Amino acid sequence: MNISTLYQVFKKHPNISTDSRNCPENSIFFALKGDSFNGNQFACSALEQGAAFAVIDEIRYQKADDPRYILVNNVLETLQQLANYHRRQLGTRIIAITGTNGKTTTKELVAAVLGKTHNVLYTEGNLNNHIGVPKTLLRLTAEHDIAVIEMGANHPGEIKQLAEIAEPNFGLITNVGIAHIEGFGSFEGVVQTKGELYDYLRTQKKAVAFIQNNNEHLRAISDGLILARYAVGRQDDLFAAGEIVDCTPFLNFKWRHANWEWQEVHTKLVGTYNIDNLLAAIAIGCYFEVPIKQINDALESYTPSNNRSQLMETSDNKLIIDAYNANPTSMAAAITNFRQMAAEHKMVILGDMKELGEVSQKEHLKIIEILQTANFEEVWLVGEEFAKAQSSFRHFANVEEVKAEIDKKKPKNFHILIKGSNSTKLFQLPTSL
C-alpha cells in the first residue's frame, strides 16, 4: 500500500498505536521491531483488542482474506513517511527544539507561552526520537496553529533524519555540551549533530532560528540563517535579553524585548541555568506576538515535573531533584547553582553520568574536583563510574545502598541536591528522604 492510500485510511482512523497492549478502538497498530521484540507477532492481538488495522512487514503474520492487515516493506519507515505526509497536508508551522541540555524544559516553556494565544501541539514527555517524533506529528489536527517538536539524538545523522520527517519552519538549539560521547565520538560530533537542525533550516525559505546570542559554538554554525536572538545581559535589539534577580531557591529574573520596559518574573524553576530556557521561550513568544502579560503569566504558572529542576519539601528535608538525566555540562551547572544557594546544611547525592565512552573517567574526575572546592556537608556518589574515579567522598554501588544508608542515618534539616543519569534511578530517593 502506498502512502497516499494509507493516508486515506489514517484520516478515518487517526489514532496510532505501537503497543499491542494499548490499542484503542478503531486505532491503527504499527508493528514495530526492536532488539528484543517483533511487533508483527502481536498484530493479531492488536486487532482482537479493537484496532481497525495492523500495519506489518512480514507476510507470514498476515491472515489470508483479512483486509485489516496492511503489508508494507518496512513498518518504521512507513510510520515516518506517513507522519511526513500528514505534516505536509496540514502545513502547520513547526518549531523544532534540540540541544544537549534543557530541551524538554524549553519545549514545555515554549508550549506554555504560545498556548496563551495559539492552539499548540507539543511533544509529550521526551518522545523525541525516530518513533516519538512521527507519533507526535500524527497527533496534529487542522485546529493546531503551531507544533513544538522536541528532537533528541545519540548518534550523527539522527537530527537530520528527524528534521526531514518534521520539516520545521523554525528551530532552536538550546546549547551544546559533552553528552552521549559514545555515540557522537567527540564534542565536535555533538556540535555537528545538533547543527544538523540548522543545516535543514538553511534549505527552507524564510526559516528562522532562535539562537542564544552569547553561545560561541552556536554562533559559529549559524551562518546563512535568519536569526532571532536572545541572551543573558543588557543587550539591545534582541528578541529577549535577561538578568537574574535571585535564586533562593526559585529563579526570579527580569527581561525585556528589544528596548521595551523591563519585566520581572518569579518562576517555580530551581537553578540559574534555567534562564536561557526561559529567555528562549520569551524570544519565541515575542516572535509570535504573544502579549507581554501573557508571556509572564505562562512562565510564572509553569511548574516543572519529571524530576527536572524540581523543589520538593518532605517532613525532614528540602530536595532539589534533577535526576532525569546528567552529563558533565548539566552536572557542573547544578553543583555550581547549589553551591550559591543560601542554606545552612547542604548535601549532594550524585549518580553516574552515562554514555561518555573513553572520556568518562576524566569527566567524573572533573566533577569530583568541583565538589572538593564546594565544601558541602555531605557528598554521596553513586555508581561504578564514580567508583573508578576514586575520591575521598562516600561511595555507593547503587540506589538500594543509598536507601539503606538513608534509613540508617536519617538525614534531617538538609537541602539535598539529587542528580544523576536516569539509569542510576536516583529519582526513587525522594520517598526515602
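Guide: What follows is a conversation about a predicted model, in which each term is set against the rule behind it.

Visitor: How do you know whether Ala 96 is buried or exposed?

Guide: The relative accessibility of Ala 96 is 0%, so Ala 96 counts as buried, the cut-off being under 20%. Ala 96 is found in strand β5 (residues 93–98), and, not counting residues up to four places away in sequence, Ala 96 touches Ile 149, Met 151, Pro 168, Phe 170, Gly 171, Leu 172 and Leu 197. Ala 166 is 70 residues from Ala 96 in sequence, while the two C-alpha atoms are 8.1 Å apart in space.

Visitor: Why is strand β9 said to be largely enclosed by the rest of the structure?

Guide: Strand β9 (residues 208–212) is described in that way because 5 of its 5 residues are buried. Val 208, Phe 210 and Gln 212 point one way from β9, Ala 209 and Ile 211 point the other way, and all are buried. Strand β8 (residues 170–173) runs parallel to β9 and is joined to β9 by 3 bridges, with Phe 170 having Val 208 as its bridge partner. Strand β10 (residues 226–232) also runs parallel to β9, joined by 5 bridges, and here Ile 211 has Arg 229 as its bridge partner.

Visitor: What makes β16 mostly covered?

Guide: In strand β16 (residues 346–351), 6 of the 6 residues are buried. On one side these are Lys 346, Val 348 and Leu 350, and on the other Met 347, Ile 349 and Gly 351, so that both faces are covered.

Visitor: How do you know that β16 pairs with β19 and with strand β17?

Guide: Pairing requires at least two bridges, and 5 bridges join β16 to β19, while 5 bridges join β16 to β17 (residues 378–382), so both count as pairs. Each of these pairs runs parallel. Leu 350 stands opposite Lys 419 in β19, and Gly 351 stands opposite Val 382 in β17.

Visitor: Why are β1 and β4 said to stand at the edges of their sheet?

Guide: The open sheet has 4 strands in the order β1-β2-β3-β4, with parallel pairing. β1 (16–17) and β4 (69–71) each have a single partner strand, so one side of each is left without a neighbour in the sheet. The partner of β1 is strand β2 (residues 28–30), joined by 2 bridges, and Ile 16 stands opposite Ile 28. Helix α3 (residues 75–90) lies across β1, β2 and β3 (53–56), running at about 130° to β2.

Visitor: Why are α1 and α3 called roughly perpendicular?

Guide: Helix α1 (residues 3–12) and α3 pack at an angle of about 75°, with their axes 10 Å apart. Angles of 65 to 115 degrees count as roughly perpendicular, and therefore α1 and α3 are given that description. Among the residues that meet are Leu 6 and Phe 10 in α1 and Leu 82 and Tyr 85 in α3. By class, this contact has 6 nonpolar, 5 polar and no charged residues.

Visitor: Which residues touch the most other members of the largest nonpolar core?

Guide: That core has 48 residues, and Ile 28, Phe 30, Leu 137 and Met 151 touch the most other members. Apart from it lies another core, of 38 residues, including Val 208 and Phe 288. In soluble globular proteins, nonpolar side chains tend to be buried together.

Methods: Residues numbered from 1 in each chain as written. Predicted model: local features only at pLDDT ≥ 70, side-chain atom pairs only at ≥ 80, totals over all residues. Heavy atoms only, no water. Contact = heavy atoms within 4.5 Å. Axes fitted to C-alpha atoms, helices over the stretch in contact; angles between N-to-C directions. Core = buried A, V, L, I, M, F, W, Y, C linked by side-chain atoms within 4.5 Å. Buried < 20%, exposed > 50% of the residue type's maximum accessible area, 1.4 Å probe, protein only. Parallel < 35°, antiparallel > 145°, perpendicular 65-115°, else oblique. Nonpolar A, V, L, I, M, F, W, Y, C, P; charged D, E, K, R; others polar.
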